[in-house]
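This briefing concerns the helices of the structure shown below. Please read it alongside the sequence and the model.

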Amino acid sequence: MPNKEKGLDDLFYDTLRDIYYAERKILKALPKMARGASSPELKAAFDKHRDQTEGHVERLQQVFDILGKRAQGKTCPAIDGIIEEGEEILEEFKGTAAGDAGLISAAQAVEHYEITRYGTLRRWAEIMKMPDAAKLFAATLAEEETTDKDLTMLADSKANREALAA
């Protein structure tokens with residue numbers, strides 16, 4: 001018997017499970033990144049984003065509720081790799097002037113992954129006539145974009161210059 005052809009609803013659910021897994025992994029990684037940061041501003045940014053990420057997980061759980069499905073992640077090799085790269089930076093550059101610049105770059109890789117996923121999920125929710133889910137994704141997307149801009153400001157205001165001067 002042939003497999004049922006998969007549609008956008010299947011892709012939507014699969015991507016939702018992917019980002020749910022990713023957000024939960026990010027929640028575990030952020031405290032490590034905060035501990036590894038030298039600058040108080042960067043530590044504070046990681047702590048703030050950890051609090052926001054808890055809200056992102058809650059919003060995703062609401063989308064699972066909208067679908068009538070249990071919130072369940074699906075292993076995401078992309079986020080596992082991005083987080084692994086961040087851990088390598090932590091190890092190799094801990095205590096150096098370049099450490100914070102490296103942590104910011106790792107955090108921005110995470111943000112850009114999330115921005116891509118949330119932008120796509122928001123659009124799919126819109127065309128699938130799921131306005132409540134689209135609003136939840138839009139709220140998270142706005143926070144991820146703001147975090148990315150804040151990280152750029154931290155890099156430009158201090159971290160990159162200090163790494164260059166070392």
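Helices here are DSSP runs of H or I with at least four residues, and strands are runs of E with at least two, numbered from the N terminus. The model is predicted, so local features need pLDDT of at least 70 and side-chain atom pairs count only at pLDDT 80 or more, whereas totals for chains, interfaces and linings use all residues. Residues are numbered from 1 along each chain as its sequence is written, and side-chain values use heavy atoms, leaving out hydrogens and water.

**Helix α3**
- Ile79, Ile82, Ile83, Gly86, Ile89 and Leu90 are the buried residues of α3 (under 20% relative accessible area; exposed is over 50% and partly exposed in between, with a 1.4 Å probe and protein chains only).
- Viewed down the axis of α3, these residues fall within an arc of 105° (taken from the directions from the helix axis to the C-beta atoms), so they line one face of the helix.
- Pro77, Glu91 and Glu92 are exposed on the face of α3 turned away from its buried side.
- The buried residues of α3 pack against α1 (8-36) and α4, contact meaning heavy atoms within 4.5 Å.

**Helix α4**
- The 31 residues of α4 (residues 97-127) should span 45 Å at 1.5 Å a residue, which agrees with the 47 Å between its end C-alpha atoms.
- Lys129 follows α4 and has a positive phi near 60°.

Key:
Expected span 1.5 Å × (residues − 1).
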